Structures are given as C-alpha cells and as structure tokens.
Amino acid sequence: MKEEARALAIYRFEKARETKEEAEILLSQGKINGAMSRLYYALFYAAKALLATKELDSSKHAAVIALYHREFVKPGIVSKNNAKLLNQAFELRGKGDYKDFYQLTKEQVGEIILQSNVFFEEIREILKQKNIF
C-alpha cells in the first residue's frame, strides 16, 4: 500500500473518532438531530478510512456506501450488522436534517452510539491487520 493511502486511512479514522466524540457531546446537551448528523459522519469517515486502504473514494455519500458494501461487506470483511448501522445512520441523518418536523429521540441516537462502538472496533481491527496502525 502506498504511504499516501496509509496516511489517509489514519487521518480519516482519527477524524471519525473525533466526530463521534462531538456526537456524544451534542447528545449530552440535548442536541439530538445534531448528534445524529455528527454520528453519521463519524461512521462515514470510518468507512472512508477503509476505502483509502484500497485507494477508493467518492465525493457522493451513496457512492461511498456502495463502495463500502462492494469492497468490504460482500466479501465478508465487515459484518453485515455494521453495514446496516451505516445505512441506518445515513437514513436517520437525512430525516433529521431535511424532513420537516422530524425529531429523533435521545434513546434512538444513544442506541446508535452504543452500536457504533462495535463498528469502530471492527474497522480498527481491520486497519491493524492491514498494518495501518
């Protein structure tokens, strides 16, 4: 793997972890839709960290998710549960950001934060196996 791809994977994973922390802070302050938005982006950045290991990327969210599924979910590298979490977060973030009068609950976002711990651990382990860390 090229050093640029390795550095990008590390950068994106660290950005993902920091963004997850932002989501947790927002949730603790009752900013539920904002927390969901940051949480989705945390998962998105983590998925992009994996894509960097294959030198793949897109500026479109749906394309990043499709590449993630094609390159890591279908081959069984990433669990289907974690892939479902990314899809769910994408959908909820969209509703929270764009649908009028839509309000997520603190419990919904809190549950996704808990599930994201497994998501992050799985990606971290894959990056370790690829000698990124």
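1. Where is the place of Glu3? Glu3 belongs to helix α1. Keep in mind throughout that this is a predicted model. With a relative accessibility of 49%, Glu3 counts as partly exposed, because that class lies between under 20% for buried and over 50% for exposed. Do look at Ile132 as well: 129 residues separate Glu3 from Ile132 in sequence, yet their C-alpha atoms are 9.7 Å apart in space.

2. Helix α1 covers residues 3-28 and helix α2 covers residues 32-52; the two pack with axes 8 Å apart, at an angle of about 165°. Since angles over 145 degrees count as roughly antiparallel, α1 is therefore roughly antiparallel to α2. The crossing of α1 past α2 is left-handed. In this contact of α1 with α2, 17 residues are nonpolar, 2 are polar and 6 are charged.

3. The contact of α3 with α4 comprises 6 nonpolar, 3 polar and 2 charged residues.

4. Now to the interior. In soluble globular proteins, nonpolar side chains tend to be buried together. Here the largest nonpolar core holds 43 residues, and Met36, Tyr68, Val109 and Phe119 have the most contacts inside it. At least two residues of this core come from each of α1, α2, α3 (61-73), α4 (80-98) and α5 (106-129). Helix α2 gives the largest share, with 16 residues.

5. Setting aside residues up to four places away in sequence, Phe119 touches Leu43, Ala46, Tyr68, Asn82, Leu85 and Leu86.

6. Finally, is Ser116 buried or exposed? Ser116 sits in helix α5 and is buried, its relative accessible area being 0%. Beyond its neighbours within four places in sequence, Ser116 is in contact with Lys20, Leu39, Leu43 and Leu85.

Note on methods
Residues numbered from 1 in each chain as written. Predicted model: local features only at pLDDT ≥ 70, side-chain atom pairs only at ≥ 80, totals over all residues. Heavy atoms only, no water. Axes fitted to C-alpha atoms, helices over the stretch in contact; angles between N-to-C directions. Helix = DSSP H or I, 4+ residues; strand = E, 2+ residues; numbered from the N terminus. Parallel < 35°, antiparallel > 145°, perpendicular 65-115°, else oblique. Left-handed = near helix turned anticlockwise from the far one by under 90°. Nonpolar A, V, L, I, M, F, W, Y, C, P; charged D, E, K, R; others polar. Core = buried A, V, L, I, M, F, W, Y, C linked by side-chain atoms within 4.5 Å. Buried < 20%, exposed > 50% of the residue type's maximum accessible area, 1.4 Å probe, protein only. Contact = heavy atoms within 4.5 Å.
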